[in-house]
Every structure is written in structure tokens, then in C-alpha cells.
Amino acid sequence: MKTVGRTLLALLLATLALPAAGQRFSVSTDCLDWLTLGAINADASVAVSQNVSLHAGGDLNPWTFRKEDPEKQFQARLMTVWGGARWWPWHVYSGWWAGMDACYRVYNVGGIIKRETEEADAYGARLWGGYSVMLSGHWNLDVGAGLWGGWKDYTVYSCPSCGVIQDKGGKVFVLPDARVAIQLIF
């Protein structure tokens, strides 16, 4: 956990030291993702041409809530890593964009709406679209959403802490991406 925090801090400090002559690099965080039971997240990107940027990032939610009371325990624990590209019709970091990335997620979610808990490794591709508004010379507001599809190997348990397996297997999935992004970008 300390390593993730130090890496995020180093990325932020590195961006603050960059000259302001055009946006070539960016570091961002998804504000809505922080509201998902405290998911820590960051995305770094580099413009490789006037219309293309490469992105890599991840999110982490290691928290389990009410662990002391197994009947009330719930969690949305996850770790996700991704890497991909965005195409910007006008100019990188400004206006409309479309993107695609490869994504891997390991997660354990349960006890929130129902007692059933799903634990899985999921990997696939995400298709994104959105709009980036320049707020100032250094700050952007990025709004977007996407679809995520791929394969997951999963196990479904009766409750978050009991260990009784209800279902197990692998299957194809297509979902609206859980990361509806409202990002502040530097």
C-alpha cells in the first residue's frame, strides 16, 4: 500500500515540475471512483501526436467494512490495471475523444445489496468515449463512459465471510464500465 501511495505522489510531483508549454503529459484521478467505497485510482498519459495519447493506470480498493460482524460485512475490494490509447479528433486533451484499452481486474464484491459475494479475475478490453474541457492552462475536466467486455473466472459465495461456494466457472461478459469518469486532469 505504501508503494502505491509513493508512486502516485512521485507521478504528481513529476508533473508539477514539467514546463507548461503545451500539454504533453497528464496525470488524472477519477473523482467518482473515490466515492466507490474509497477506491484509490490514477491514470497517467503521454501525447504521442496531435491526435493520439497513450494511457496507463489502475485503481485499488482494499477495504472491507464491518468485518467484526460477519452478518453485516460488505466489500467492493478490487485491483485494476489498464493500458491503451485515445484518439482526439481536434487536439489531445481537448474536446471529444474515443479510446480503447486492455484491462485486468481482480475483485471480491458482496454484502452490499445481497449477501452473495462474487470473487473473480476478469480481463478484456474497454471501449471509451468522452469529452475533455480545458479549465485553465494546467487543469482539465474529463467526462466519459464506456463498455467493458471479456472473460472472467469467478466463484460465487453464499456470504462475504462464510466460504460456502454456490457457483464457480468462467464466462464471457459485456458490461457498462464501472468507471464512469469525471476526472480532474493536470
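Reader: How many salt bridges does the structure hold?

Author: The structure holds five salt bridges, a salt bridge being a side-chain nitrogen of Lys or Arg within 4 Å of a carboxyl oxygen of Asp or Glu. Bear in mind that this is a predicted model, where local features need pLDDT of at least 70, side-chain atom pairs count only at pLDDT 80 or more, and totals for chains, interfaces and linings use all residues. Residues are numbered from 1 along each chain as its sequence is written, and side-chain values use heavy atoms, with hydrogens and water left out.

Reader: Which residue forms a salt bridge with arginine 86?

Author: The general idea first: side chains of opposite charge can pair when their charged atoms come close. Here, arginine 86 pairs with aspartate 142, and the closest N and O atoms are 3.0 Å apart. Arginine 86 sits in strand β5 and aspartate 142 in strand β8, 56 residues apart; strands are DSSP runs of E, at least two residues, numbered from the N terminus.

Reader: Are arginine 86 and aspartate 142 buried or exposed?

Author: Buried means under 20% relative accessible area, exposed over 50%, and partly exposed in between (1.4 Å probe, protein chains only). Arginine 86 is buried, at 11%, and aspartate 142 is buried too, at 0%. For contrast, take the salt bridge of lysine 114 with glutamate 116, at 3.4 Å between the closest N and O atoms: lysine 114 is exposed at 53%, while glutamate 116 is partly exposed at 32%.

Reader: Which residues are linked in a network of salt bridges?

Author: Asp101, Arg126 and Asp177 are. Within it, aspartate 177 and arginine 126 have their closest N and O atoms 3.1 Å apart. Aspartate 177 lies in the loop between β9 (165-176) and β10 (181-185) and arginine 126 in strand β7, so this pair ties together parts 51 residues apart in sequence.

Reader: What polar contacts does the side chain of aspartate 43 make?

Author: A polar contact is a pair of N or O atoms within 3.5 Å; within protein, one must be able to donate a hydrogen and the other to accept it, and residues adjacent in sequence count only if both atoms are side-chain atoms. Aspartate 43, in strand β2 (residues 40-47), is joined through its side chain to that of histidine 55 at 3.1 Å and to that of tryptophan 82 at 2.8 Å. Aspartate 43 is buried, with a relative accessible area of 7%.

Conventions
Helix = DSSP H or I, 4+ residues; strand = E, 2+ residues; numbered from the N terminus.
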